[in-house]
Amino acid sequence: MTGISVIHYVLLSAALFSVGLFGALVKRNAISVLICIELMLNAVNINLVAFNRYVTPETFVGQLFSIFVITVAAAEVGVGLAIIIAIFRNRLSVNLDDFNWLKW
Amino acid sequence: MIEFAMHHAWLVPLLPAVAFVIIVFLTRPWPRLSSAVSIAFMLASFVTAALAAYGVFTDPHFKHHPLIYTVRWFGMQGLNIDVGIYLDPSSAMMIFMVSLVALLVQIYSTGYMKGDPGYSVFFSYLSLFAASMLGMVLSSNLLQMFVFWELVGLCSYLLIGFYSFKISAREAAKKAFITTRVADFGLLLGILAVQIIFGTLNFDELTQMAPNFENYTTAGMMTLIAVLLFIGPVGKSGQFPLHVWLPDAMEGPTPVSALIHAATMVVAGVYLVGRNMFLFAEVESALYLVAVTGAFTAFFAATIAVTQREIKRILAYSTVSQLGYMMLALGVGSLTASFFHLWTHAFFKALMFLAAGSVLHALHHKADVWEMGGLIKKMPITGWTFVIGGLAIAGIPPFAGFWSKDEILLAAYQSGHYFLFLLASITAFLTAFYMWRMIFLAFFGEEKPENHPHESPANMTVPLVVLAVLAAVGGLIGTPSTPLWQQWIYYGHPHHIEPNVIIMLSSIALAAAGIGLAYLLYVRDKEKTNAKDLARRFQPVYKLLYNKYYIDEMYQWFTRVVVDGSARITYLFDIYVVDGIVNGSAAITKGLGSVMRYFQTGKVQTYALVFYMAVLVITVVLAFTDASSSVLVMGGAE
Amino acid sequence: MENIFVNISGSIRELIGVLGLPPLFNEAVMITVKVTGILLFIVLNALWLVYMERKVAGYIQCRYGPNRVGPKGLLQTAADISKLISKEIIIPSGADKILFLLAPVLIFTPPLMVFMVVPFGQNMAAVDLNIGVFYFLAVASLSTVIFWIAGWASNNKYSLLGGMRVVAQMISYELPMVLAVLGVVMITGTLNMSDIVRAQENLWFIFAQPVAFLIYFIAGVAECNRVPFDLTEGESEIVAGPFTEYSGMGFALFFLAEYTNVMLVSFMAATLFLGGWLAPFGLTIIPGWAWMLIKVYIMIFLFMWLRWTYPRVRVDQLMGFGWKVLVPLSLANIFITGVAIKVLDKMGW
Amino acid sequence: MANALGTVSFWILSAVIIFSALMVVISRNIVHSILWLVVTFLGTAGIYLMLDALFLAAVQVLVYAGAVCIMVVFGVMLTRRGNIRHSNLFNSRLIIAAPLVGLILSAAAYLTAASTDNVPLSDGKVPADTVGSIGQWLLSSYVIPFETAAILLLVALIGAVFLAREVKTDDRH
Amino acid sequence: MLRTEEFTLNMGPQHPATHGVLRLILHLDGETIVKVEPVVGYLHRGIEKLAEARTYTQVIPYTDRLDYLAAMLNNLGYVQAVEKLMGIEIPERAEYIRIIVSEMSRIASHCIAVGTYALDLGGFTGFMYPFREREKLMDMFEMISGSRMTHSYMRIGGVAADLPEEFYPAIKKFLKEFPSCVDEYDGLITGNEIFQARTKGVGVLSQEKAVQYSISGPTLRGSGVNYDLRKARPYGIYDRFDFEVPVGEKGDCFDRYYCRIQEMRQSHRIIEQALEQLEELPGGPVMAKVPKVLKPPKGEVYHEIEGAKGILGYYVVSDGTTKPYRVHIRRPSFINLDLLDEMCRGWKIADVVAILGSIDIVLGEVDC
Amino acid sequence: MFGSGLLKGLAITWKEMLTPKVTIQYPDEIYSLPDRFHGRFKLDKDACISCGMCVRACPNNVIKMETETVARKKRLLKYVMDIKYCLFCGFCVESCPKNALGYEKDFELAQYKLDKVPLVLVDEEPLPPEEKERLEAEAAQKIAAAKAKKEASGGKDKGGE
């Protein structure tokens with residue numbers, strides 16, 4: 001076994017992303033979908049940081065991107081939860097399958 | 001100082017506008033402060049205007065070369081709109097007159113509006129009104145003029161409807177606004193036509209182009225433009241048949257009426273026609289239309305005024321009538337006479353309105369002249385200034401009205417339109433009659449015991465006195481022996497009309513006759529039996545006149561029958577044809593949609609699923625088929 | 001005296017070095033030794049603090065406090081703990097068993113993790129982390145989750161209410177705390193705790209940043225859920241908040257964790273504002289770590305004094321105070337600090 | 001030796017991350033999901049530490065584990081209804097989604113493995129003062145995104161407050 | 001707009017803040033109170049019924065157990081009611097002793113009210129200091145009657161025994177120290193900004209509502225109604241003393257609390273004056289001449305006094321035998337509790353505790 | 001000023017912390033009880049005349065008294081107070097015409113066993129029948145002797161009982 005290289009991290013990221021994607025596609029609870037999207041964002045962050053470390057260690061572009069991603073994720077969770085709560089107040093449900101008013 | 005004022009003439013409208021802003025945003029809670037701000041700014045504006053006017057009138061250079069400052073407002077391909085000032089003798093005269101009257105009205109208002117809950121607001125409106133009018137006067141192009149024109153309309157709406165708790169005030173404000181809006185539509189069309197045909201709206205450029213209009217368009221088109229442009233003034237200046245709003249406009253506070261009727265709103269139309277004289281002058285027919293409209297309006301309004309009972313209403317119809325005079329003068333091609341009358345009329349009409357306001361103030365808004373009487377003893381300043389105004393409007397020399405009216409009659413006579421001249425002469429007689437009928441009824445005769453009039457405070461009488469002086473001597477700048485006016489304000493070349501002694505004398509005679517008749521009917525005859533008898537004898541005529549020829553009722557009928565009827569027909573068309581098409585296409589879409597909607601579940605996750613399927617497919621296709629794109633996916637350089 | 005602990009650790013290192021094992025192993029052993037030492041220190045201290053709290057309470061309330069078990073009641077806490085250990089752990093029906101049992105264990109983790117970077121004295125931090133202060137704030141924020149787990153897993157309405165209160169309160173007061181600490185960080189320009197202590201050689205930051213200290217202290221009290229911010233366990237309202245259903249050892253662990261948290265906040269206050277191991281008035285005869293302890297104990301006493309003096313605030317007052325007073329105040333403090341730094345910099349200080 | 005340690009910790013952390021992420025998805029109780037999510041985040045922070053991103057690791061813990069999860073917990077509590085033990089179930093798309101995700105993962109894995117040689121690796125050293133460097137970067141080259149992010153957070157804050165605000169129908173007094 | 005689910009919380013019967021076994025069913029919206037349902041009766045002992053099977057004298061120890069925090073006042077009300085029924089004049093010395101002990105009792109009760117109120121709001125030390133003073137009072141009660149809480153000291157026709165000699169130095173010491181102690185409560189509890197923030201403006205009880213619901217005692221006076229039976233309808237010899245009736249302004253929790261603090265000072269004044277006048281009296285009997293077996297004439301009587309919690313009334317019906325036909329007690333705590341729901345609505349859980357504490361109920365009295 | 005109240009509170013608690021404590025260390029130190037203290041009851045058996053006033057005065061029927069009449073004289077057999085129902089109102093003590101019933105300064109009445117709770121003040125066996133008979137006889141003799149004496153003195157001493 002040769003040490004750990006960037007490929008390992010990318011594979012880890014891919015796996016995490018897949019799990020998150022899977023969750024986002026198949027969970028019923030809206031909040032659950034939201035946290036699965038967080039998983040996906042985390043996978044992206046791992047990728048960014050890994051490439052930053054192995055490709056351009058002297059600069060911090062990847063890390064900076066990650067910081068921005070984290071920022072956006074925080075904002076997204078805040079607003080997303082607010083929307084879910086608002087919907088819940090009206091419909092008394094967080095089941096995404098009940099939210100089908102997006103058609104006609 | 002004078003130089004400064006001339007080159008910074010934009011300050012004249014700007015100062016009242018600033019006052020408006022200050023009052024609205026800062027000083028509204030403190031009424032006295034608001035009025036002080038308003039008057040201070042107005043005074044500054046007046047001083048600037050006076051200095052600028054002085055500068056213009058002392059330098060002959062400006063006779064033919066107006067002072068123009070413009071900046072580009074916005075520009076694009078084929079449409080360049082400037083904004084700027086256009087200072088020539090006409091506009092200089094106007095800014096001087098408007099700012100002076102506005103200033104006096106504001107000073108007057110401090111007394112008249114005292115204690116009103118909307119005191120500050122009123123002054124802010126007055127400031128804005130003056131600013132709009134001054135801006136309009138100084139406009140360097142038609143569009144700018146139109147903008148201020150509309151602002152003037154807005155302000156008049158606000159001020160007429162100032163007592164918005166009164167239904168009649170609200171109705172009057174709406175009427176004024178809608179009527180003038182109707183007319184403004186014509187004006188806007190005219191402006192558009194000018195822009196399309198000449199490609200510019202600037203007066204200086206248009207002045208160059210208009211004489212050679214054949215290069216751009218046909219004579220018929222020119223006529224159309226002129227007529228369209230004229231529609232605006234017809235509305236704004238209360239010409240027949242759009243005069244209906246003007247008498248109702250006295251629903252606003254009296255200082256507003258004075259401002260509207262004397263200096264600002266209504267003369268805007270006259271000014272607009274005068275300003276665009278270069279267009280009208282090119283088409284005879286348009287000029288004739290103006291003349292006929294003016295003459296008819298003058299006569300028509302005068303006849304109505306004979307029978308009216310409310311003091312402000314009589315004055316309002318007299319305004320309509322006098323405006324008709326001005327239009328007539330323009331129509332017969334005499335800008336000089338028209339503007340001269342505008343000038344004198346501003347003073348005596350403002351004077352009379354303010355005096356009427358003073359009377360109403362004293363009588364607690366009892367407006368019927370028949371219920372007044374002998375007021376001159378209790379209110380000497382108001383009474384005598386009113387008498388001066390009456391003499392001026394009736395055309396008794398040497399008061400201002402005589403000279404300007406004489407000028408108009410002369411111009412009409414010389415233009416060869418004798419019928420119009422006749423109409424104008426009769427109007428002069430009627431004017432003298434109904435004016436003095438009012439004066440005799442209100443100020444002379446027996447005092448009515450139920451009235452307890454008192455003289456108004458100084459801040460109301462001082463403007464009256466100032467205006468009375470101006471009404472008395474304001475015409476002396478344009479007498480045949482001192483033709484200062486004629487040297488400065490003219491269209492084309494300096495106007496020089498030989499004084500016609502016959503016309504002069506006949507006009508004096510007519511005026512004297514009118515006054516005399518009024519004296520006979522209303523002073524000598526204590527019981528006024530003759531007047532009543534006359535009214536009874538010519539009952540149909542009297543009723544017709546008293547009801548203002550039923551014009552309002554005709555409009556009502558027109559609206560109800562013609563407009564509503566045509567609307568009904570259009571409605572049917574809309575329902576069956578237009579809606580048919582619309583609904584038909586909707587039905588087709590709906591039918592399609594009912595099939596297609598099964599693809600849209602409304603569930604986000606399903607969409608995401610499909611989305612990722614596509615991602616997968618694209619990735620696989622890109623990565624495994626095309627060598628060049630696989631680089632894209634796999635990254636890095638080969 | 002000053003370097004006694006450093007010397008001890010050095011000699012241990014030498015001792016292992018003799019064995020000739022790989023350096024990594026040596027490092028591992030050293031870390032284990034340090035961690036064990038710190039753990040022992042903390043747990044024993046927490047026990048002592050429980051006793052101290054009760055003594056302080058007693059003296060403030062015209063009584064003696066514990067005085068039966070052992071001399072002057074010194075063994076009271078030990079007795080209590082042994083009693084609690086011997087008690088049955090009751091798991092309420094409907095509780096989330098695993099989480100219910102996990103929460104008291106986990107509650108110790110964040111403070112202990114933070115203690116790894118606290119400089120107990122000169123060169124006496126187990127790990128001298130580059131971003132020490134930030135690490136403290138980050139890890140400390142984890143305990144919120146654990147409190148909430150305890151509240152939620154109990155399946156009790158009071159517990160849940162308490163859990164929600166903990167979360168709301170700690171989140172709200174974390175923000176002013178971070179911002180208050182930021183004032184210090186701005187002055188020093190480092191997040192390393194040892195460096196921050198060294199930067200206070202001339203002037204303790206309590207004098208340079210009095211407002212920040214005050215905010216930090218108030219936020220610290222709230223973070224530890226102590227009076228007047230002890231809403232989470234306000235016994236007159238929601239019985240004992242998240243701990244209502246805990247009995248026996250579970251309760252004891254929460255109890256000790258509270259004191260660990262108090263100690264942690266006090267240590268941080270001493271480090272950030274009170275000059276850490278630096279001796280005041282040149283009293284270097286007392287070793288640095290002792291000074292540190294003295295300062296920490298002053299802070300802890302302050303905590304106790306407050307607790308036995310003040311009533312409790314209401315939950316909306318608490319949140320309002322946090323968001324409407326402390327946050328703007330700390331922002332203003334940052335702003336003023338920034339301006340002051342720039343100005344002093346320009347003046348050549 | 002250090003290399004071996006790194007390898008071992010990488011595998012451990014990866015196992016923790018993937019396992020806890022799977023637990024996030026599989027748990028039938030939404031609260032458990034969130035707690036597993038915390039574990040995932042902490043594992044990710046560990047990965048950052050291995051990648052010499054000390055600051056980012058702390059940010060990850062502070063923001064994700066400390067704040068985001070708490071927020072989600074609040075969301076769960078505010079939308080609680082019925083039995084929380086079965087609050088996080090699968091829906092009917094499982095049959096399609098599972099193979100799809102599998103395919104995506106294998107495609108990604110294949111492509112990653114296939115493009116191993118294409119990554120331009122660098123032997124540079126990570127600067128010692130990570131926090132300082134990040135600060136420098138944020139306030140020089142990236143000051144506009146930085147400020148934009150600040151505005152984004154503000155907007156999100158206001159938006160969230162507005163959306164989640166309860167419409168009060170009656171007043172207290 | 002649908003609202004979030006209502007949350008029902010059972011506060012009590014075993015809860016630290018309910019002052020005994022009171023159960024409050026709280027209907028919550030988040031932490032905000034929608035409705036409070038007090039459930040009483042956990043401490044019901046049937047004292048009124050028990051009284052029917054006892055002789056007139058034997059009822060006295062049961063009255064102790066109504067408001068066990070101010071037992072002397074309960075005794076006083078009952079014995080005065082029976083005396084009124086029988087038309088007994090009691091010796092002046094006994095009157096003075098009664099005043100002294102009942103005002104002491106009032107202070108003792110208010111000490112508890114103030115202390116537990118501090119405790120309810122989380123200030124534990126504020127709980128201990130008033131207890132210190134109460135302890136001294138109870139020592140004195142022990143000297144007088146032999147019991148610390150349930151004294152049974154008063155008798156129909158007087159009191160059980162004259163004051164003992166050792167009582168005088170003790171009460172003088174207490175009177176000297178007490179004002180500074182009240183100052184201490186003021187400093188520790190009243191003046192505390194957190195305490196004020198918790199109580200001011202909370203649970204406002206309007207003057208009209210208070211009168212309508214027949215609220216009494218400091219709870220009523222906190223709402224600004226100046227009604228104290230000792231002033232309004234003096235019983236016993238209360239008209240001989242100079243004291244004021246403290247009155248609140250807004251009717252919030254703070255005013256109710258602060259009324260109690262001020263009442264303690266006024267009671268202190270009354271005791272001082274009573275003691276002074278008592279010492280000038282010659283010695284004499286403390287019991288009127290009453291027969292050994294009491295047989296009041298047929299009839300009924302209602303007598304009310306100003307208790308520590310409010311107006312305490314006794315309604316006694318006699319059928320001419322040795323045992324009362326019916327005894328009914330108007331318990332101020334029970335009546336004051338009526339408005340709890342209304343005062344709590346819209347406030348938070350923590351405020352329920354504050355409001356309940358400010359009403360100062362004793363469950364022994366509520367449930368009777 | 002905001003905060004002054006908070007500081008004052010701190011000052012008060014600080015002062016109190018330094019004040020010497022007066023707590024009595026209960027089992028070690030003895031609390032001096034006043035004379036009137038209502039503690040354990042004591043009965044002067046010799047003074048008691050078994051009149052039953054105390055039994056009647058008790059509101060709660062705490063006192064159980066058994067007597068036997070021997071030779072027209074009441075003799076106290078059992079005097080048991082079911083102390084768990086006692087209100088300590090003191091009516092029994094007050095009602096005692098002979099001041100035979102009184103208090104002790106002992107308040108530690110707690111017991112480990114329930115059957116130990118009742119306070120047994122007098123517990124004597126009834127006299128055996130022969131002893132009783134003997135006493136009766138003795139009394140009868142005495143009476144007879146007295147009668148004889150009376151008759152001898154000629155009914156002078158009438159009130160002698």
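Predicted model: local features only at pLDDT ≥ 70, side-chain atom pairs only at ≥ 80, totals over all residues.
We begin with chain E, where an open sheet of three strands has the order 1-2-3 and its pairing is antiparallel. At the edges stand strand 1, residues 7-11, and strand 3, residues 32-39, of chain E, each of which pairs on one side only. Averaged over this sheet, and with direction ignored, neighbouring strands are turned by 20° against each other. In general, the strands of a sheet pair through backbone hydrogen bonds, in either a parallel or an antiparallel manner.

The two pairings of this sheet can be followed residue by residue. Strand 1 of chain E pairs with strand 2, residues 23-29, of chain E in the antiparallel sense over five bridges, and within this part of the sheet N10(E) has I25(E) of strand 2 as its bridge partner. On passing to the next pair, strand 2 of chain E and strand 3 of chain E are also found to be antiparallel, here over seven bridges, and H27(E) has K35(E) of strand 3 as its bridge partner. Strand 2 and strand 3 of chain E form a hairpin with two residues between the strands, in which G30(E) takes a positive phi near 70°. Across strand 1, strand 2 and strand 3 of chain E lies helix 14, residues 349-359 of that chain, which runs at about 145° to strand 2.

Chain E also holds an open sheet of three strands in the order 6-7-8, with antiparallel pairing. Its edges are strand 6, residues 299-306, and strand 8, residues 324-330, of chain E; each has a single partner strand, and therefore one side of each is left without a neighbour in the sheet. Neighbouring strands of this sheet are turned against each other by 15° on average, direction ignored. Strand 6 of chain E is joined to strand 7, residues 311-318, of chain E by eight bridges, and the two strands run antiparallel; in this pairing I311(E) of strand 7 is the bridge partner of E306(E). Here helix 3 of chain E, residues 71-86, lies across strand 6 and strand 7, and runs at about 145° to strand 6 of chain E.

The size of an interface is often given as the accessible area that is lost when the parts come together. Between them, chain D and chain A bury about 6,800 Å², with 78% of this area on carbon and sulfur atoms. In chain D, the residues that lose the most area to chain A are L51(D), Y64(D) and T79(D), which together account for 9% of what that side buries. The contact takes 84 residues from chain D and 69 residues from chain A.

By residue type, the side of chain D that touches chain A divides into 57 nonpolar, 20 polar and seven charged residues.

Over all chains, the structure holds 61 salt bridges. In chain C, the side chains of R54(C) and D80(C) meet in a salt bridge at 2.5 Å, N to O. R54(C) lies in helix 2, residues 23-60, of chain C and D80(C) in helix 3, residues 76-86, of chain C, so this pair ties together parts that are 26 residues apart in sequence.

Methods. Residues numbered from 1 in each chain as written. Chains lettered and ligands numbered in written order. Heavy atoms only, no water. Pairing = 2+ DSSP bridges. Helix = DSSP H or I, 4+ residues; strand = E, 2+ residues; numbered from the N terminus. Axes fitted to C-alpha atoms, helices over the stretch in contact; angles between N-to-C directions. Contact = heavy atoms within 4.5 Å. Buried area = accessible area lost by both parts, 1.4 Å probe. Nonpolar A, V, L, I, M, F, W, Y, C, P; charged D, E, K, R; others polar. Salt bridge = Lys/Arg side-chain N within 4 Å of Asp/Glu carboxyl O.
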